[in-house]
Amino acid sequence: MFTLAEVASLNDIQPTYRILKPWWDVFMDYLAVVMLMVAIFAGTMQLTKDQVVCLPVLQSTVNSKAQPGMSGKADFTTVETTTGQGEDMSMRTVSFGSAPTVTPDIPLSRSASSQSQPTESGQELKKELKDSLGRKTNLDFQQYVFINQMCYHLALPWYSKYFPYLVLIHTIILIVSSNFWFKYPKTCSKIEHFVSILGKCFESPWTTKALSETACEDSEENKQRLTGAQSLPKYVSTSSDEGSPSANTPMITKSGFKFSADKPMIEVPSVTILDKKDGEQAKALFEKVRKFRAHVEDSDLIYKLYVGQTIIKTVKFIFILCYTANFVNTISFEHICNPKVEHLIGYTQFECTHNMAYMLKKLLISYISLICVYGFICLYTLFWLFRIPLKEYSFEKVREESSFSDIPDVKNDFAFLLHMVDQYDQLYSKRFGVFLSEVSENKLREISLNHEWTFEKLRQHVSRNAQDKQELHLFMMSGVPDAVFDLTDLDVLKLELIPEAKIPAKISQMTNLQELHLCHCPAKVEQTAFSFLRDHLRCLHVKFTDVAEIPTWVYLLKNLRELYLIGNLNSENNKMIGLESLRELRHLKILYVKSNLTKIPPNITDVAPHLTKLVILNDGTKLVVLNSLKKMTNVAELELQNCELERIPHAIFSLSNLQELDLKSNSIRTIEEIISFQHLKRLTCLKLWHNKIVNIPSSITHVKNLESLYLSNNKLESLPAAVFSLQKLRCLDVSYNSIALIPAEIGLLQNLQHFYITGNKVDTLPKQLFKCVKLRTLCLGQNCITSIPDKVGQLLQLTHLELKGNCLEYLPATLGQCQLLRKSGLVVEDHLFDTLPSKVKEMLNQDTSIPFANGI
């Protein structure tokens, strides 16, 4: 026996897929059940009552049709009597009804007398038969049973015997065909996932509470609601357009931070926030839908399988109808049987009756009727399958009725499943479409984000940067929390890897904000927020992968002072710069570009008249075209780093206001053009470090206003005397070259304050070096120096002395005369420091504040 629990589990299978059962499939399932009941009923009747009753037919030489008027009568009439040869028995033909009856039990003598006296004998026979009520045969009961069984198999048509089983088999095949796509391994897994996800999407709180609240999130509508304006329906109907801003506009037109449509604005934060668990489940659903779509949309196996099984059912219907209709007339009540067992029975022909004939015929007609209805439904299904493109599904109506205008159209099996669901209830696909919308997903992330990042939590992440400004760095978040814009004292805001960042009107509260960082963050701003940034923002850092990621509103910040662009500015053909016009940046002073340029972007000339600092950091790409530099007459600082320059560009010599030039990390070998710098009267700093310079030309003496010269990390072997004729030189850096000797002319640099010669081959220090009494920094590390002269004590302003990496045996005690030098500024091995007198060590270990004050 089956338990109730086992039987109940079978009933749970159908409801799982009921949403994928259109009305015709459901109707065909019921028809199949009725056909199954017909088969079971017919089979039961056959097993219990189906039988054949047979009677032998008496042999006669007279045609039974000689007396057609007697057919159908119940009386007996003697027609003719014959005598068989070699037999002691006579045969008599008797009319019983319409069929002849053979009576082999009449004696031969009686037959002979009947010929001489026919009238008298007929009367006697009639009287005798009437008295005996029939003619006896020589068959016993077992012979009747035997002949009934023989004639059941011989006389009855095969369809009468196997009709219930055929109906059962056909019905099972139709049932299997109708549900095969639910069981086939390569389709059932997709269907199970689809039904599971669809049910969760339908019941998700995001499709009910949050979705209805986000339909009226326009900030202007909130204002109108507070003033009692009756314009709510208008904003509800157009919210889909406002929720997906055009890519051609530099800003968005809605705030995106108020969601309640029926509550006052001040109650929104406490009412509209989803439960954290519901929010996590909704986010998981978005991810499941995205992966399921990618998995299912690339094939049309489910569609082909459903079409195939429908065609099979249609062909099956035609086949059943064709052969079944031919057998309707073969089912009859009366049958003639010739079993060919005369040697056992003594008779050759039997007349049989089939007691189930009428019932089977009615059941067969009923079955044919059901099959016809079933077939017409199959034909309608095929018409539906091929009438519209079921491998394409459009959410156009959903987009029109909802606030999400970005729901994409789907195709292949994904589209087919949605078409099938629409036959059940179109509300399913409408709710399911919400989880295909990126706008919907972003709104959910926004709600969850605001729930997680409260004002107190954000305040804990605010820090002080190197410029002593309050800074907040947000990294890899789904959006910008609303609470950020409540930090009104924030100076610097950094947004990194936030692809869906939106800056609402609330940013106007941040009156101290002057610096904004957008690192791989193409932020969208509202009109009000843009107006605030345009008037207040002073410094903007934008880091991107492609130039198209730079927000278009960046080019409209008219009060911007500093712009830092880091990313690929070249187009695909490497001939065009994708940077848009900078003409609106009327107050831009500093432009920093870190990219892979082959030429100076011509758009930079838009800001050339007021640009004071230009920095171009290449990634090793050779910068060829530099003619645009000539137009930057007001540039005071110019950096061209890692641009594979082989010589100093001639365009630089036209920059009359240039004060600092940095050509770091290029391939410059010779600097003979340095003589042209004599025309740059304001040039005070020249950085040629990290190049391949072999020597310094004597023409450097013409650059008389030079105060800082950086030549580190080159291939210099000597320092020419011309360098020491630069009387205004305060910083000289020749570290990491191959210099073996410090010329005595170095004593001429009376204004020298910083001298770097680390990483060379110097073995002795000239006494003239210590005539540079203004030296504050002296780096002599990683050389071959064996001793430090005692005159080092003359450097009273020395604060940093590097001696580490030499061949020193001791340190001079005169270091104690360097009043501003402390142990933190003395870079030397520990064992050398221990060679100093204890008084000197005590002085070097003193606090820096008091001696520094005395020195000043």
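Here, the axes of two helices are lines fitted to C-alpha atoms over the stretch in contact, and the angle between them runs from 0 to 180 degrees between N-to-C directions. With that in hand, here are some close-ups of this predicted model.

**View 1. Helices α8 and α18 pack at an angle of about 55 degrees.** Helix α8 covers residues 185-203 and helix α18 covers residues 412-424, and their axes lie 12 Å apart. Angles under 35 degrees count as roughly parallel and 65 to 115 as roughly perpendicular, so this pair ends up as oblique. The crossing of α8 past α18 is right-handed. On the α8 side you'll find Lys190, Ile191, Phe194 and Leu198, and they meet Asp413, Phe414, Leu417, Leu418 and Val421 of α18. Sorted by class, that contact holds 7 nonpolar and 2 charged residues, with no polar ones.

**View 2. Helices α7 and α16 cross at roughly 20 degrees.** Now look at helix α7 (residues 158-183) and helix α16 (residues 357-387), whose axes come within 11 Å. With a crossing angle like that, α7 and α16 are therefore roughly parallel to each other. This time the crossing is left-handed. From α7, the residues taking part are Tyr159, Ser160, Phe163, Val167, His170, Leu174 and Ser178. Waiting for them in α16 are Leu360, Leu363, Leu364, Tyr367, Ile371 and Tyr374. The tally for this contact is 10 nonpolar and 3 polar residues, and no charged ones.

**View 3. The largest nonpolar core has 134 residues.** Phe677 and Phe755 are the residues with the most contacts inside this core. Helix α22 (residues 527-536) supplies the core's largest share, which is 4 residues. There is also a second, separate core of 79 residues, and Phe194, Ile197, Val289 and Leu436 are among its members. As background, nonpolar side chains in soluble globular proteins tend to be buried together.

**View 4. Ser448 sits in helix α20.** This helix spans residues 438-452. Is Ser448 buried or exposed? Its relative accessible area is 16%, and the cut-off for buried is under 20%, so Ser448 counts as buried. Leaving out neighbours within four places in sequence, Ser448 is in contact with Gly279 and Lys283.

**View 5. Arg459 sits in helix α21.** Helix α21 takes in residues 455-460. Arg459 has 31% relative accessibility, so it counts as partly exposed. Val484 is 25 residues away along the chain, yet its C-alpha atom is separated from that of Arg459 by 8.7 Å. Apart from neighbours within four places in sequence, Arg459 is in contact with Gln470, Leu487 and Asp489.

**View 6. The whole chain, for context, has 25 helices and 27 strands.** Of its 856 residues, 48% count as buried. Take the contacts with a separation of 6 or more: residues 24 or more positions apart account for 55% of them.

Key:
Residues numbered from 1 in each chain as written. Predicted model: local features only at pLDDT ≥ 70, side-chain atom pairs only at ≥ 80, totals over all residues. Heavy atoms only, no water. Core = buried A, V, L, I, M, F, W, Y, C linked by side-chain atoms within 4.5 Å. Buried < 20%, exposed > 50% of the residue type's maximum accessible area, 1.4 Å probe, protein only. Helix = DSSP H or I, 4+ residues; strand = E, 2+ residues; numbered from the N terminus. Parallel < 35°, antiparallel > 145°, perpendicular 65-115°, else oblique. Left-handed = near helix turned anticlockwise from the far one by under 90°. Contact = heavy atoms within 4.5 Å. Nonpolar A, V, L, I, M, F, W, Y, C, P; charged D, E, K, R; others polar.
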